[in-house]
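Subject: Handing over a structure, with notes

Dear colleague,

My notes on what was found in it follow.

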Amino acid sequence: MTTTTKTAPDSAARQDWQRKVVSFLGEQGFIVIFILWAFYLTVSTDNFATTDNFFTILRQATIVGIAAIGAHFVILMGDLDLSAAAVLSLAGVVMAELMVKHGVAPLIAALAALGVGAAVGLVNGVIVTKLRINAIIATLGTSSILGGIAFTITKGKTIFGERGNDPIDSIEFLSRQRVLGDTLPVPVIILFVCYIIAFIVLRRTAYGARVFAVGNNDRAAWLSGINVDRIKITTFMLSGTLAGFAGIMQVARQGTATAGMGADFLFPILTAVVLGGASLTGGRGKIFNTLIAAIFLTSITNGMILLGIGIYTQNIVSGVILVVALSLDRLRTLQP
Amino acid sequence: MSFVRIEHLNKAYPGVQALDDVSFEIQRGQVHALVGENGAGKSTLIKILAAATRPDSGQIWLDGQPYAPQTPKDALQAGVATIFQIFNLLPDRSIAHNILLGREIRTRLGLLDLAAMDEAAAHILRQLNAAHLSPRQAVGTLKVGEKQIVEIGKALINQSRLLIMDEPTSALNQVETDALFGVIRLLREQGVTILYVSHRLDEIFELADTVTVMRDGAHISTRPIAEVTRDSLIEDMIGRKLSSIFPARRPATRDVIMEVDGLSAERALYDVSFKLYRGEVLAVAGLSGSGKTELGKALFGDLRASRGTITVKGERYKPAPWNAIRRRLIYLPEDRKAEGVIQELPVRRNIGLSVLPALTNRFGFLDLERERELAWQQVRALDIKTPTLDQLVLNLSGGNQQKVALAKCLTVDPDILVLVEPTQGIDVGVKFEIYQFIADQVAGGRAVLLISSEIPEILGLSHRVLVMRDGRIVAELDTASATQEDILRFAVGEHKSSPEFVAQEGAQHG
């Protein structure tokens, strides 16, 4: 039987219109806020709307942006990976330690750092799938362990090479080099390439299709022959590897490594994904919206510095943005 | 003189004649059942009566007066109340407010007279055998059956003379259904005429005085309930002789396609052994809790087996959904809406979900063209009604969602089909399609394990029946010589087979 609505046509049209507005605000609302914010900064500061500042923002967005890809994948499955920041730190520390203290070649050290990320992801995935422990708790637990390991390696000190003979200088190009007539920074290229690959993986591969299937209905996915545990473990490994990569990029950027170097990243990574509209319950999200959200978050910090606003106020604003982002997520799920 | 007279009603929607010259009469003070498959025109007819839509031509007479309501309010004022499947209630307001919506009682100062409203609502609730409900309770906190009572209460306060109910029991449990029937009989005694739309034949025989059958938008028959039988009703509904409901059975081969030996699962299955042959429909019967659904799950790997072996096409097989699919053993779960499809994904992705590797090209990318092609094949083969392949499954009707679940299984080109309650929640006519589908499958050399609670279906379709009880196979019967009583006797267990119980069980089926 078809169901019947008793609404008159005009009120139906109005409801439809309301629903469209709600759905637009839910999915793209932050972009509107972004545009308003950019407009305000352009008018009220001299330095915001310059090519230089534009690339500065993009460069600063790289680390959050890359790690947010992994977080995006995990959230698509309806889980959360809170270990990204700890992985970033440990991978950075391992990378710097191997290069500075043991003279390991940069490429090998980088592979080791990525390996650390993948290994942590594997452990996270196994805990979540085989032991059936909630991902938030599991990754919170591994975060604490990783933090401990990172501090054991560094003994609480900053790792850096001798001036003039610093092995870390050899990877500095990842952060500082510019190409195409000295305009386009390498990290920006890396960021965009990562997102394009992520998009293709999500939309054009069997693995991506399975991630969406598992995130929407893991029971039906399982009965369709999808090895749900394997997909989850793979995704946690991917998330760990990308966090490890973000760690490498951060070492390249600051030229040093500390056990706490990732601590400030967890919040923007998760905020970027949620602000970008990925549903916390899984199965819905647009990867490029996560990228835009990561850039937006960076532009907020950037803009507040340009406006001369202090770091503590910035924290308050970031928190408000996360809550607003979560409200938009609720708005979407509440809509008729 | 009849209370409602419907004359030559026509209504066309783009591409479909929803009502085709429909004429019949409803007598005063009766429960008049309206039955028919999906698409028979029942919905359109009640929408016209409720003024939710207007006919293209034709006329309706209500109590001797022409009845042509322009708005739902007109209908209500003429004494015609309709209770749709989706209720029209304010969840945050009290029962009293809902019942008296638009008829609020006010004091001389123009304020709501809450005490009088509560009293009026309580009076209505007493009339409906629902004195246990408080008029102050918020409607959102009520159970489905109680909300329905509130809807009926709204009809009563408007002094409705014709009450239309659309599939009122579809969301009710047995206790709520019984309570509703009590209320309907009560209303009939008070002289209210009821048009009762349902496809549950048991209910119609329990309640109705007269029954009208519609099919493909046309009126087929209107007869007193005493003059119809279950079989004649079904024949009217599907337009086909009942003897041809079950397709002819061809003999199965002696070629074993699957052998199960000593299969056991923790507290669910004990030492289950059987062989399945190519070309065979092997039915598994049993009461709920007998282990028949668990058997299906264990074969597909959805329930871990603790012991036993399964051999598929001569090879040992370790049950897991992906292993099963690789060996072309598919499983249609009982709850298709929740487990058979992914509501938030498009039709094409749902259909292709089990064969993603086959849809991947040699560079590792999904071939979206091939995905669409595959989906189109299935959409055509199973006649899935969807505007596009990109439509989300949640926008499809229940029957079409079921077909998507089946289509996904068929993309695997299965040799063995484990079907759990394949006709549950399906209209009589579509049931026939499913029966024909099962017969076609085995005719092509495939094998079907039919796990079903519908004994007539088992007898009509299968070659052999395994009867399960307490996780064990207690009998293997040759369908040709088995009767419903045989199956039930084994399913219940000799020592428990009191005649009433068997009769009751039997009444549920069919």
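**What was found**

Apart from its neighbours within four places in sequence, A:Leu41 is in contact with A:Phe48, A:Gly303 and A:Leu306, where two residues are in contact if their C-beta atoms, placed from the backbone, lie within 7 Å. Before going further, please note that this is a predicted model, in which local features need pLDDT of at least 70 and side-chain atom pairs count only at pLDDT 80 or more, while totals for chains, interfaces and linings use all residues. Residues are numbered from 1 along each chain as its sequence is written, and chains are lettered from A and ligands numbered from 1 in the order in which they are written.

A:Leu41 itself belongs to helix 1 of chain A, residues 9-44 (helices are DSSP runs of H or I with at least four residues, strands are runs of E with at least two, and both are numbered from the N terminus). Because A:Leu41 has 20 C-beta neighbours inside 10 Å, it counts as buried (buried means 20 or more other C-beta atoms within 10 Å of the residue's own, exposed 12 or fewer, and partly exposed in between, with C-beta atoms placed from the backbone). Between the C-alpha atoms of A:Leu41 and A:Ala96, which are 55 residues apart along the chain, the separation is 37 Å.

Turning to chain B, its secondary structure consists of 18 helices and 20 strands. Its radius of gyration, taken over C-alpha atoms, is 26 Å, close to the 24 Å that the globule rule (2.2 Å times the number of residues to the power 0.38) gives for 510 residues, so chain B is as compact as a globular protein of that length. The C-alpha trace of chain B spans about 85 × 60 × 45 Å along its principal axes, and 47% of its 510 residues are buried.

Where the chains meet, 23 residues of chain A are in contact with 34 residues of chain B. On the chain A side, the elements giving two or more residues are helix 8 (206-216) and helix 9 (218-223), and helix 8 of chain A provides the largest share, six residues.

As for confidence, the predictor gives the complex an ipTM of 0.83 and a pTM of 0.72. Chain B has a mean pLDDT (the predictor's confidence in each residue, from 0 to 100) of 88, with 95% of its residues at 70 or more. Over residues 495-510 of chain B, however, the pLDDT is below 50, although this stretch has 15 contacts in the model beyond near neighbours in sequence. Where pLDDT is low, the predicted coordinates should not be read in detail.

With best wishes
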